[in-house]
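User: I am new to this structure and would like to know what stands behind the terms used for it. Please take me through some of them.

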Amino acid sequence: MDIKHKRNFCIIAHIDHGKSTLADRFIEKARLVTSRGPMGTQLLDNMDIEKERGITIKSQAVTIPYTAADGQEYELNLVDTPGHVDFTYEVSRAISSCEGALLLIDASQGVEAQTLANLYLAMEHNLEVIPVINKIDLPSADIPACLHQIDHDLGLDPDMTCFVSAKTGEGVDSLYEAIVKNIPAPEGSDDNSLKALIFDSHYDPYRGVIVHCRLFSGTLKTGDEIKFMHSDAVYKVEDCGIFQLQLVTKGELKAGDVGYFIAGIKTISDIRVGDTVTGIKNPASEPLAGFKEVKPVVFSSIYPVDSNDYEELQEAIERLKLNDASLVYEKDNSAALGFGFRCGFLGMLHLEVIQERIEREFDLSIVFTSPSVRYIVHMKNGETLYIDNPLEYPEVMRIDYSEEPYIQANIITPTQYVGPIISLCLEKRGVQSAMNYLDEKRVELVYEMPLAEVLFDFYDRLKSISRGYASFDYEVIGYKKTDLVRLDILVNSEPVDALSQLVFKDNAQSRGRMVCERLKDEIPRQQFKIAIQGAIGGNIISRETISAYRKDVTAKCYGGDISRKRKLLEKQKEGKKRMKMVGNVEIPQQAFLAVLKTN
Ligand code: GTP
């Protein structure tokens with residue numbers, strides 16, 4: 001197909017405004033599937049976790065053939081993107097492979113924090129943005145208010161707006177026409193050197209590594225020899241084609257196309273998302289601009305519950321990294337937990353997703369240590385240390401002062417929730433830098449807050465005090481001075497290094513108490529007394545005791561039902577597999593997770 005008749009676009013929006021649902025409608029209209037998938041599931045959300053949580057984590061691509069009203073045939077490449085603030089990175093990758101974006105706005109919610117954040121991203125990449133009001137079928141839809149916001153808050157032309165219901169399919173036809181009319185065709189010539197931007201990759205157990213790319217110039221054919229410009233690695237293309245829910249072999253990709261290729265790639269580290277692929281014949285002299293390097297903001301170590309699983313864990317992390325370039329990791333070890341990996345994540349949701357993917361996709365039982373942000377520690381001898389692992393925190397005597405990362409938080413909320421939100425921000429050590437009335441019903445609050453305070457339960461609490469109406473977006477703005485201490489947790493006087501955490505001094509006492517209480521609930525009674533203590537330096541600041549108890553799980557089974565007894569014993573054995581020995585105390589995996597949640 002002529003490049004003039006190709007269109008590459010993505011759908012961007014605040015979380016839950018209906019991107020995945022709209023993508024489903026597009027695919028259905030294109031008759032790629034004859035009927036819907038299982039009731040209520042989304043066609044582009046492949047991962048189990050995505051279906052269960054109803055959120056999109058990974059960007060997906062799909063090629064849709066379309067015949068316009070005037071009979072002209074087009075090829076539309078749609079890239080679905082996630083909406084949660086942790087996955088902005090995925091959004092920017094999708095954006096780099098497109099010329100246009102549909103900015104979706106929920107007709108009953110209006111413009112929210114990530115609507116703005118995603119619009120800025122699209123503008124940074126010079127995309128043509130079409131505003132789309134979705135959910136027009138809802139009785140609570142307020143279209144005039146949305147149009148006003150599109151004009152006033154977003155600075156877009158309200159006359160360009162399309163009106164759709166992704167649920168019923170209403171308006172989707174006109175949206176197609178708007179796409180081919182308003183989104184520019186890609187530029188680039190098939191005859192120039194090959195330049196393909198890698199925007200994603202994944203591992204298929206049968207076919208190996210599958211690279212997702214957008215061709216900016218040149219052609220890529222099965223049999224071609226290609227080179228990854230960053231790693232200089234050379235491979236021969238075994239197959240290439242496009243995404244139509246499954247991979248569809250084409251044998252050739254041309255300038256402007258979005259598709260995949262397979263090249264028998266064995267060394268996973270050869271591929272880097274954001275790298276440029278070029279040909280061995282007629283190579284490009286310069287790579288494409290690529291993406292901004294992602295910076296993880298929260299760090300935690302992962303250990304296998306069973307130390308024998310270490311190698312499998314390593315393989316699992318390598319494979320996940322292939323599909324999730326934002327995950328960073330290095331080897332780590334702990335006295336209590338043995339060998340593992342120190343990992344960096346984009347946020348707590350990202351951490352939870354990785355944890356679930358390791359457990360489900362690789363069937364491994366793992367333990368995470370308390371998550372931490374990265375602190376800067378200035379030493380008295382003039383040295384500067386970057387510390388994200390509490391175990392590396394130096395002796396207090398040698399420290400001059402420490403700094404912690406701060407964010408600027410933008411919160412958009414209906415006016416009636418302003419009071420409780422301000423109290424929440426104050427509790428989280430926030431300092432207000434602005435409060436703007438967007439209109440008579442909505443306020444934008446801008447706060448500077450320590451990242452460590454926001455990472456954990458801030459988002460959930462914001463949602464619950466505003467009944468789900470407040471929206472939130474943040475960016476890291478730099479470091480500010482802080483007063484830091486290391487809280488250690490001792491179990492029967494043995495420090496459990498994996499439970500140590502760096503905390504703001506004024507919060508240490510309450511944090512210590514909370515961790516001990518949680519552990520008391522989670523560690524089962526054993527044949528001896530267990531003391532759980534929180535300590536700073538040598539000082540014990542909190543204590544809980546678990547009294548001795550011989551657990552007889554079969555006690556309840558009076559009578560001689562042997563099979564029931566056996567079942568209970570089996571179950572107990574299962575439970576033990578998920579325990580970690582620390583000194584002479586067995587700590588269940590659940591206890592580590594519980595501490596993680598108390599943050
Ligand atoms: P993330 O992928 O998590 O960012 O969410 P999303 O933007 O993809 O939203 P999704 O498509 O999952 O839709 C969120 C909710 O809105 C779902 O319950 C949909 O059924 C519902 N929804 C989407 N579009 C419409 C619509 O046009 N009308 C109505 N009534 N509901 C809709």
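Analyst: What follows is a set of questions on terms, each answered with a value and its definition.

This is a predicted model, in which local features need pLDDT of at least 70 and side-chain atom pairs count only at pLDDT 80 or more, while totals for chains, interfaces and linings use all residues. Residues are numbered from 1 along each chain as its sequence is written, and side-chain values use heavy atoms, with hydrogens and water left out.

User: Why is Gln-501 called buried?

Analyst: Buried means under 20% relative accessible area, exposed over 50%, and partly exposed in between (1.4 Å probe, protein chains only). Gln-501 has a relative accessible area of 2%, so the residue is buried. Gln-501 lies in strand S29 (residues 501-504); helices (H or I, at least four residues) and strands (E, at least two) are DSSP runs, numbered from the N terminus.

User: What makes the side chain of Gln-501 a partner of Arg-511?

Analyst: A polar contact is a pair of N or O atoms within 3.5 Å; within protein, one must be able to donate a hydrogen and the other to accept it, and residues adjacent in sequence count only if both atoms are side-chain atoms. The side chains of Gln-501 and Arg-511 make such a contact at 3.0 Å.

User: How do you know that Ala-591 is buried, and what is it in contact with?

Analyst: Its relative accessible area is 1%, therefore Ala-591 counts as buried. Ala-591 belongs to helix H14 (residues 589-598). Contact means heavy atoms within 4.5 Å; apart from neighbours within four places in sequence, Ala-591 touches Leu-519, Glu-522 and Ile-523 in this sense.

User: Why are the buried residues of H11 said to be on the same side?

Analyst: In helix H11 (residues 458-465), the buried residues are Phe-458, Tyr-459 and Leu-462. They cover an arc of only 95 degrees around the axis, so they lie on the same side of H11. The arc is taken from the directions from the helix axis to the C-beta atoms. Asp-460 and Ser-464, both exposed, are on the face turned away from that buried side.

User: What makes S18 and S19 a pair?

Analyst: Two strands pair if DSSP finds at least two bridges between them. Strand S18 (residues 328-334) is joined to S19 by seven bridges, and the two run antiparallel. They form a hairpin with three residues between them. Strand S17 (residues 298-304) also pairs with S19 in the antiparallel sense, over five bridges.

User: Why is S19 called mostly covered?

Analyst: Six of the eight residues of S19 (residues 338-345) are buried.
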